[in-house]
Amino acid sequence: MYNLKKIIVDIYAWLANVSGKTNIGRCCSNRLVLFTFHRCLPGRLREEYPYPGLVVTPDELSWLLDVVRPYFQIGTISSMIDKFYSQESSSPLLGISFDDGQWDNYKYAQPVLEHYDCRATFYIPSSPVETNRLIWHDLVGFGCLFFSGASRKQQEGWLSQLPSGLLGYAYSPSFLVNGLKSISNDERSDLVEWLVQNVPHESWPQWARLMTWKEVRQLSQFGHEIGSHTCSHAILPQLPKKLLAYEIEHSKDQIEAEIGVPVTSLCYPNGDFNADCVRIARDSGYTNAVSTIWGHNKANDSLFTLRRMDIDQRQHRSFLGHLSVDRTKLRLTNQYPGLRR
Ligand SMILES: [Zn+2]
C-alpha cells in the first residue's frame with residue numbers, strides 16, 4: 001500500500017511538472033519561501049543518528065541547491081524578508097535556515113553553501129552552546145539507543161523514569177520525543193538530568209555536538225546570519241511568562257555578545273508559539289520570527305509567525321529511491337498531497 005502511494009505521488013509529480021502545474025517561477029512569484037534544515041551529515045553518520053528524517057547529506061544539499069538555484073534568489077532569512085517587503089524583487093525569494101546550531105552545519109553544510117555562494121541563517125540555542133551539551137531531544141534520542149542495547153537492570157531503570165503513557169516508546173526515539181513534548185518543562189528537565197547521570201558519555205558521539213562560539217562567530221564572519229533559537233530550546237508556550245521572556249531576551253543578548261552583530265531573527269523551538277511569544281519577541285528587538293507551519297509567506301502575513309518548509313530528503317525521493325526534481329517541485333510549489341494548509 002505504501003509503495004503504491006509512492007508510485008501515485010511520482011506519477012502525479014511528473015504530470016504536474018510536464019503540464020506546468022508546478023512551474024516554480026509562476027507558483028512562487030510574489031511569495032517568500034523559507035527552507036528549514038537541521039543536521040547535515042555524511043550517510044554513514046546519518047545511520048547512527050536517532051532522527052534520520054532531520055538529516056541531509058552534503059550531496060543531497062548540493063542536489064537541492066542545484067535544483068532551486070535557477071529559479072530563486074537565495075539568502076539569509078532576514079535578507080530575503082527585507083527584499084520581499086521592500087518589493088525590491090518580484091522574482092521568487094528563498095531564505096535558507098538551519099535550526100539547532102549543530103557542529104555538522106559548520107563542518108558539512110557551510111562548505112556546500114560556500115560552493116554555491118549562498119548565505120543562510122543558523123538558529124542557535126545559546127545555553128547548549130555555552131555549556132557544550134547536546135539539546136534535550138538529542139540526549140533523549142541517543143539515550144534511547146543506548147538503553148535499547150543495555151542490560152535488563154539498566155532498562156528497568158530507564159523505564160522507571162518514563163511517564164506510564166510513554167513506556168511503549170522507550171526505545172523509539174522519534175515517538176518518545178514527540179510524547180515528551182507534551183509533558184511539563186520541569187518533568188522533561190528532570191528526565192534529561194537523569195539521562196546525563198545514567199548514560200555513559202561515549203553514547204553521545206563527538207560528531208553530534210553543537211558548534212562552539214568560535215565556530216558560530218566564523219559563520220557570522222563568512223556572511224551568514226546568526227539567529228536565536230532561545231536559550232534552552234524549551235517549548236515556549238509551556239513556560240511561565242518570566243522564564244519565557246528570559247529565553248527570548250537573554251539568548252539574543254548572549255549571542256550578540258559573542259558575535260558582535262545584532263540578532264534580529266528568532267526561531268521558536270519545535271515551532272511552538274503563542275501570543276505572548278510574539279509580543280515578547282517584538283518587544284525584545286527582533287524584527288522577525290519563524291515557525292514550522294508549512295507553506296509560503298505572502299505580503300500580508302505576520303513577520304513573527306513566518307511559515308517554513310522543512311526538508312526531509314525522503315520526501316524528495318521517487319519510488320525507486322532517486323532524488324526527484326518532479327517531487328521537489330511539487331513540494332516547493334506547496335502542492336504535495338496532504339501538505340497544503
Ligand atoms: Zn530546534
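1. Arginine 209 counts as buried, because its relative accessibility is 19% and the cut-off for that class is under 20%. Its side chain meets that of glutamate 215 in a salt bridge, at 3.1 Å from N to O, and glutamate 215 is likewise buried, with a relative accessible area of 11%. Since this is a predicted model, please read these values, and those that follow, as computed from predicted coordinates.

2. Glutamate 258 and arginine 217 form a salt bridge in which the closest N and O atoms are 3.1 Å apart. Because glutamate 258 belongs to helix 13 (residues 241-259) and arginine 217 to helix 12 (residues 213-221), the pair ties together parts that are 41 residues apart in sequence. Here glutamate 258 is partly exposed, at a relative accessible area of 24%, and arginine 217 is also partly exposed, at 27%.

3. The count of salt bridges comes to 14, and one of them joins aspartate 99 to arginine 308, with the closest N and O atoms 2.9 Å apart. Aspartate 99 lies in strand 5 (residues 93-99), whereas arginine 308 is in the loop between strand 9 (288-290) and strand 10 (309-310), so this pair ties together parts that are 209 residues apart in sequence. Both aspartate 99 and arginine 308 are buried.

4. When neighbours within four places in sequence are left aside, the contacts of arginine 188 are Trp136, Leu180, Lys181, Ile183, Ile235 and Gln238.

5. The domain assignment divides the protein into domain 1 (31-130 + 213-310) and domain 2 (136-203), and the centres of the two, taken over C-alpha atoms, are separated by 27 Å. In their interface, 14 residues of domain 1 are in contact with 16 residues of domain 2. Between them the two domains bury about 1,100 Å², of which 50% is on carbon and sulfur atoms. Pro50, Tyr51 and Gln238 supply 48% of the area that domain 1 buries against domain 2, more than any other three residues.

6. On the polar side of this interface, one salt bridge is found across domain 1 and domain 2, together with nine residue pairs in polar contact, both members being at pLDDT 80 or more. Arginine 39 forms a salt bridge with aspartate 138, the closest N and O atoms being 2.6 Å apart, and a network of salt bridges links Arg39, Asp104 and Asp138.

7. Helix 14 (residues 275-283) deserves a separate comment, as Cys277, Val278, Ile280 and Ala281 are buried within it, and the elements covering its buried residues include helix 13 and strand 8 (265-267). At the start of helix 14, a side-chain oxygen of asparagine 274 reaches to within 3.1 Å of the backbone nitrogen of aspartate 276, while just after the helix glycine 285 takes a positive phi of about 100°.

Methods: Residues numbered from 1 in each chain as written. Predicted model: local features only at pLDDT ≥ 70, side-chain atom pairs only at ≥ 80, totals over all residues. Heavy atoms only, no water. Contact = heavy atoms within 4.5 Å. Domains from an automatic or database assignment. Buried area = accessible area lost by both parts, 1.4 Å probe. Salt bridge = Lys/Arg side-chain N within 4 Å of Asp/Glu carboxyl O. Polar contact = N/O pair within 3.5 Å; in protein donor to acceptor, adjacent residues only side chain to side chain. Helix = DSSP H or I, 4+ residues; strand = E, 2+ residues; numbered from the N terminus. Buried < 20%, exposed > 50% of the residue type's maximum accessible area, 1.4 Å probe, protein only.
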